[in-house]
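I opened my notebook to look around inside a protein and write down what turned up. Come along and check each entry against the picture.

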Amino acid sequence: MGRGAARPTTPQPWINVVSNASFGFHPSAEGAAFTWSRNSRDYQLTPWSNDPVSNRPGEGIYIYDQASGKAFSPLAAMVRDPAMTYEAWHGQGFSTFRSKRGPLSMDLTHVVDPIDPVKITRLRIQNSGPVPARLRVYAYAEWVLGGHRSRTAATIVPSRDGASGALLAQNPYGLDFSERVAFLAADTGVHSVTSDRAEFLGRHGSSELPQAVLSGSALSGRVEAGDDPCAAIARDVEIPAGADVTLIWLLGDADSAAQASALVQTHRGKDFDQRLADNEREWRAFLDTIQVETPDKALDAMVNHWLPYQSLACRIRARSAFYQASGAFGFRDQLQDTLALLAHDPTLARDQILNAARRQFPEGDVQHWWLPRTGAGVRTLISDDVVWLAHATARYLTVTGDAAILKEQLPFLDGQELGEGEHDAFFTPEISKKTVSLYDHCARALDLAIKRSSPAGLPLILGGDWNDGMNRVGEHGKGESVWLGWFLLKTLGDFAAVAKTEGDTKRAQAWAKHADALKRALESTAWDGEWYRRGSFDDGTPLGSRTSQECKIDSIAQSWSVLSGEGDPARSTTAMQQATKLLVDDHLKIVKLFTPPFSKTQKDPGYIKSYPPGVRENGGQYTHAATWFVIALAEMGQTDEAYRCFSMLNPVNHASDEASAEHYRVEPYVVAADIYAGDDKGGRGGWTWYTGSAGWLYRAAVEGILGIERRGKQITFRPKLPSHWDGYQASLKMLGAEIKVQVIRDKKTKTISLEVNGSKTKSTSFAPKAGGQTEVVVKIPA
């Protein structure tokens, strides 16, 4: 991502999300960064920008040249010099910024410690000139220590640690994190400090152009409560001609002032190159589970690097990005994210399934989202949450074979049930004394899903289903969801089998019976002639029908008729053809959620209608749903169409040249939750990074198109490749084995067959031997 004069900045901030399990930061390509600890919404150490226009930096590194009296920075976000070239490199677990100014070359890299809440920044400055360079280098952090600076700044107490020289800050009046202590420290050679922001920025200054830096001033040493709080450290360095210097800063968060001091002293001593090597090794160990080489380099880049990285670093760990810093767990969200990474690390899914089961009330319903640590969250009438736990558990069992998880004993939450006419309530529930097995948690949720059925036998949509924005379609308890019908039907089938093996024949029979009735209801009441309806309003008006003025056809009711494995095949084929015709926009290269958007309808489907037409769920591309569409096409054998739609969803293809990058605007290396439809903004990316579509797009590529899946101790191959591909190669590190895979189209082959280490088999799967290297040739019909 080089920045020459032709392209001075990215169209919107292009960030990276770098995080360990409970601490992280995101830097933009210009170098403006935001750091949090524990909870990215409620405990921000420095300000979260969320402003794609100004993206004002809340932390920074600045340099003053003592010889020329001029200030500059290794980062483009501050004291920008039009004569300098700035480059940004985002990678897995690090971001590096390179710049040049006359004889000085600067290289600044940020990483996070894999365990401790510490961000480490290294700046290397090389002097290729004939005379020594004398510089004053400033590091700056603007403290928040809570959710928003306007509410916390007045109560932050700064101090300085005698042992390490670090600047500390604490917010003793903070609601949740009053005992925690943030710190900014240098490795050596501090010249002067201040914790007074007004002093550092100056009367007319800003974080882009601080007066202290522009004048090269020494800092006053003032560290007192009652000021406008920050941490600023100045250091003087001399770089001999032809030599270089390395400076290190630590920004972090600790349980106490003593721990802050200890963290600074420990992390100062660690070799930075070793950190980079360890970071690379850790990410490669994770990503090398599946590496592919296909005819599509853009697909390779996303599958081999960015999609699994986005899912783990952003969705599972950080739960924060540029357009949303929520810090919360979504009940269905992180379940789906962890299912995408079952081959890489099944413990992620195991932990999240158990985490989610603990958020269930004895009545069977759950918290729709909750905050870590306090457990405060929202009890809702969103109808699909109660199906996701069993869905995720069934998928986990299929892939890992770990049936022991079903016996795990977990408590319930105790809290006030929703009253008459109440749709949601935010509160901190109690943890009940009563515990039941994970199997019982799943079963209780499914029993509630069945109980919530309409007289016609379809699931009630209640406060919204997967599409939270349709929160008023069935608010009076009569409206239905066809999509949820398909999703429940699949899950009942999968979980009835689990009930049998658990010896719960009563439930297995009851679920099978309900599934039969549900299947009949879907085919008799939900078919609209050319596609499946989306549902119905409380008064019985159809939703997603050709009789509807707006939202005539919705993609998820069609794709899940296929993904459930239960839709009438002829009808599903017609429905998917109509959806392709009406929802796949060849001009904008998007796959819409539904069409036309809501704008004039008398009916109130809910807050979805408050989005402008073509924006987010309201008739734009909602990428999460579009990934299901791709997987459904692949399942049906429509391989060329599946690949064509996948290529539209691949962000790389939205920025193949400068004009298209300018139009798309957002990062082309991570998935956007939504892309706008409509005349003026059509084709522009929306929220990036923090979206469950990353995990599903990964599954669409790996499971849907490339056809690689683990099932217990076996690896299965069912490639569904576009006709212009001859095949692909992959290297897998799974089940303790290394497997080299070659997929070849073969005219003589009638069905998919494997050759394992040269031996032909009739099977599409094989069990690798741990510790060994295996060569597999997968032959597919031409």
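Leaving aside its neighbours within four places in sequence, which residues is Glu667 in contact with? I looked them up in this predicted model, and the list reads Pro13, Trp14, Ile15, Pro651, Thr688 and Trp689.

**Entry: Glu667**

I went to find where Glu667 sits, and its place is in the loop between helix H17 (658-664) and strand E33 (674-675). Is Glu667 buried or exposed? I count Glu667 as buried because its relative accessible area is 0%, and buried means under 20%. I also noted that the side chain of Glu667 makes a polar contact of 3.2 Å with the side chain of Trp689. Trp689 is also on the contact list above.

**Entry: the largest cavity**

Next I turned to empty space. Rolling a probe the size of a water molecule over the atoms shows where empty space is left. How many cavities of 30 Å³ or more does a search of the whole structure find? I wrote down six.

The largest cavity holds about 160 Å³ of space. I found 16 residues lining the largest cavity, with Glu59, Ile61, His110, Lys119 and Thr121 lying nearest its centre. Strand E5 (59-65), strand E10 (118-127), strand E11 (133-141) and strand E17 (244-254) are the elements that each give two or more residues to this lining. By type, I sorted the lining of the largest cavity into ten nonpolar, four polar and two charged residues.

**Entry: the second largest cavity**

I moved on to the second largest cavity, with a volume of about 130 Å³. It is lined by 15 residues, and the closest to its centre are Ala340, Ala343, Arg395, Glu703 and Ile708. Here the elements giving two or more residues are helix H9 (385-400), helix H18 (693-705) and strand E34 (708-711). Which element gives the largest share of this lining? I noted H18, with four residues. The lining of the second largest cavity divides into ten nonpolar, no polar and five charged residues.

**Entry: a sheet of three strands**

Last, I looked at an open sheet of three strands, which has the order E25-E26-E27 and antiparallel pairing. Its edge strands are strand E25 (480-481) and strand E27 (542-543), and each pairs on one side only. I followed strand E26 (residues 535-536) to E27 and found antiparallel pairing over two bridges. What is the bridge partner of Gly535 in E27? I traced Gly535 across to Leu543.

Terms used. Residues are numbered from 1 along each chain as its sequence is written. This is a predicted model: local features need pLDDT of at least 70, side-chain atom pairs count only at pLDDT 80 or more; totals for chains, interfaces and linings use all residues. Side-chain values use heavy atoms; hydrogens and water are left out. On a 1 Å grid over the protein atoms alone, a cavity is a set of points where a 1.4 Å probe fits but cannot get out, and a pocket is an open set with protein on both sides within 12 Å along at least five of seven lines; lining residues have an atom within 4 Å of a point. Grid points are joined across faces, edges and corners, and a volume is the space filled by probe spheres set on the points. Ala, Val, Leu, Ile, Met, Phe, Trp, Tyr, Cys and Pro count as nonpolar, Asp, Glu, Lys and Arg as charged, and the others, Gly among them, as polar. Buried means under 20% relative accessible area, exposed over 50%, partly exposed in between (1.4 Å probe, protein chains only). A polar contact is a pair of N or O atoms within 3.5 Å; within protein, one must be able to donate a hydrogen and the other to accept it, and residues adjacent in sequence count only if both atoms are side-chain atoms. Contact means heavy atoms within 4.5 Å. Two strands pair if DSSP finds at least two bridges between them.
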